[in-house]
Amino acid sequence: MFAETFDKATSADDRSLARPRAALHRAAPALGLFAAERLTGMVVAALWAWHIGRSPRALLATSWDSKWYVGIAANGYGRTVYWPDGAVQSDLAFFPLYPGLIRAVTSVLPVTGGTAGLALSWAAAGVAAWGIYAVVERLHGRGLATLVVLLWGLLPHAVVLSMAYTEPLLTAFAAWSLYALATGRWLWAGTLAGLAGLTRPNGIAVAAAVSVVAGCELWRRRGAKGARAPVWAAAALAPAGWLGYVLWVGVRKGDVLGGYFAVQSGWTSRFDLGIGSLKVIRSMVTAPTFFGFPMALVIAGAGVLLFALFVLDRPPMSLLVYTGVLVLITIGGSGFFESKPRFLLPAFPLLLPLAAALARARPRAAITVIAALAGLSFCYGTYLTVAPTAL
């Protein structure tokens, strides 16, 4: 009896292990292409950095926001910078999970914070690519899933996936949370959404998706006797990370509900329905500006167009809410206009219409488009690493 029970348990364990292995095996070609394109992008950026006498590692590991994350990991929160124009930049604007992970790595391994940040981002980017593949494969099959992963790695601003930034980590949590929703794993969906909310401000998009889908599921089951506890738990866990940090900053600043938003306002970041962005666009028309600003406008505009096409395809509610909140935050927020493409980087469902169009196109046309995107991604990504404007 014991042997029979043991054999059954072992068989079940083998099956549970075989499923992830099989899923990883199916995703391997897409992940290989993703790794190759990101490695090529880093090589191009490194060659240019050496050409101009800069350190490739410094450009990838300690540029712009990366310095803040590494500083928080080393010293904790408490740094504030006061600028002559009145801007007040506090490190409380940065969510805690990524610097916390950097600190954990540096406490175990003999590496600097920047190196730890890079290792975390590269690993998270791979996990995110696998999660994106899993979500799209479940909806549309292997071919389209491979194309979406390929396109995600060739976005003009995909160099961020190779830098010590939080977008790879957020996208990893988001993709697997959405996959957990699609497969009915409510506790996983809520937990991963909560972690996404501890990673970046726009991680609230994952919580919104989980909460809306959970609400719809509870409404659907309102007359049923089946267990609804996991659904309730997912709805409660999903916003916990984001709300917890926002309220903690509020307590620290002496304004529970408004403290965090006051910190963001010091960075000139606020939600004003796009009024600030319109002012930036007007200034681009009337005065010279850095190349990153018009490129940000083009990329953000393309994101809005792709979102419209995405909505017309009637996607699942989870993807619709997640992507819609990301687009709304990006377009409706002011401050750091040049960073808007980076804010859209986790919105991988926007690539579904483009991937579908490439799948229907003739092979030669599809290859031409992909080659053009690769050239743009590698060249523009290299520019972003040395540009005088924030990434």
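**Questions on the model**

User: Is Arg314 buried or exposed?
Analyst: The relative accessible area of Arg314 is 75%. Residues under 20% relative accessible area are buried, those over 50% are exposed, and those in between are partly exposed (1.4 Å probe, protein chains only). At 75%, therefore, Arg314 counts as exposed.

User: What kind of model is this, and what pLDDT do local features need?
Analyst: Residues are numbered from 1 along each chain as its sequence is written, and side-chain values use heavy atoms, with hydrogens and water left out. This is a predicted model, in which totals for chains, interfaces and linings use all residues, side-chain atom pairs count only at pLDDT 80 or more, and local features need pLDDT of at least 70.

User: Where is Arg314 found?
Analyst: Arg314 has a positive phi of about 55° although it is not a glycine. Helices (H or I, at least four residues) and strands (E, at least two) are DSSP runs, numbered from the N terminus. Arg314 is found in the loop between helix 14 (292-312) and helix 15 (317-332).

User: What is the phi of Thr268 near?
Analyst: Thr268 sits in the loop between helix 12 (259-266) and strand 3 (270-271). With 37% relative accessibility, Thr268 counts as partly exposed. Thr268 is not a glycine, yet its phi is positive, near 65°.

User: How many salt bridges does the structure hold?
Analyst: A salt bridge is a side-chain nitrogen of Lys or Arg within 4 Å of a carboxyl oxygen of Asp or Glu. One of them joins the side chains of Arg26 and Glu137 (2.6 Å, N to O). The number of salt bridges in the structure is six.

User: Arg26 and Glu137 tie together parts how many residues apart in sequence?
Analyst: Arg26 is partly exposed, at 29% relative accessibility, whereas Glu137 is buried, at 18%. Their side chains meet in a salt bridge. Arg26 lies in helix 1 (residues 2-51) and Glu137 in helix 5, so the pair ties together parts whose separation in sequence is 111 residues.

User: Which residues are linked with Arg342 in a network of salt bridges?
Analyst: Arg342 meets Asp65 in a salt bridge at 3.4 Å, N to O. Arg342 lies in helix 16 (residues 340-344) and Asp65 in helix 3 (residues 65-75), so this pair ties together parts 277 residues apart in sequence. Arg342 also forms a salt bridge with Glu167, with the closest N and O atoms 3.0 Å apart. The network links Arg342 with Asp65, Glu167 and Arg200.

User: Is Arg342 buried or exposed, and at what relative accessibility?
Analyst: Glu167 is buried, and so is Arg342. Asp65 counts as buried at 15% relative accessibility. Arg342 counts as buried at 6%.

User: Which residues does Ser66 touch, leaving out residues up to four places away in sequence?
Analyst: Ser66 is in helix 3 and is buried, with a relative accessible area of 1%. Contact means heavy atoms within 4.5 Å. Not counting residues up to four places away in sequence, Ser66 touches Leu60, Ala61, Ala164 and Tyr165.

User: Which residues have the most contacts inside the largest nonpolar core?
Analyst: A nonpolar core is a set of buried Ala, Val, Leu, Ile, Met, Phe, Trp, Tyr and Cys residues joined through side-chain atoms within 4.5 Å. The largest has 105 residues, and those with the most contacts inside it are Ile132, Trp152, Tyr322 and Phe348.

User: Which elements do the buried residues of helix 9 pack against?
Analyst: Helix 9 (residues 204-220) has 17 residues and spans 24 Å from first C-alpha to last, close to the 24 Å expected at 1.5 Å a residue; the expected span is 1.5 Å times one less than the number of residues. Its buried residues include Ala205, Ala209, Val213 and Glu217. An α-helix has 3.6 residues a turn, so residues three or four places apart point the same way. The buried residues of helix 9 pack against helix 7 (167-182), helix 8 (186-197), helix 10 (229-237) and helix 15.

User: How far apart in space are Leu97 and Ala374, C-alpha to C-alpha?
Analyst: Leu97 lies in helix 4 (residues 97-108) and counts as buried at 18% relative accessibility. Leu97 and Ala374 are 277 residues apart in sequence, and their C-alpha to C-alpha distance is 32 Å.
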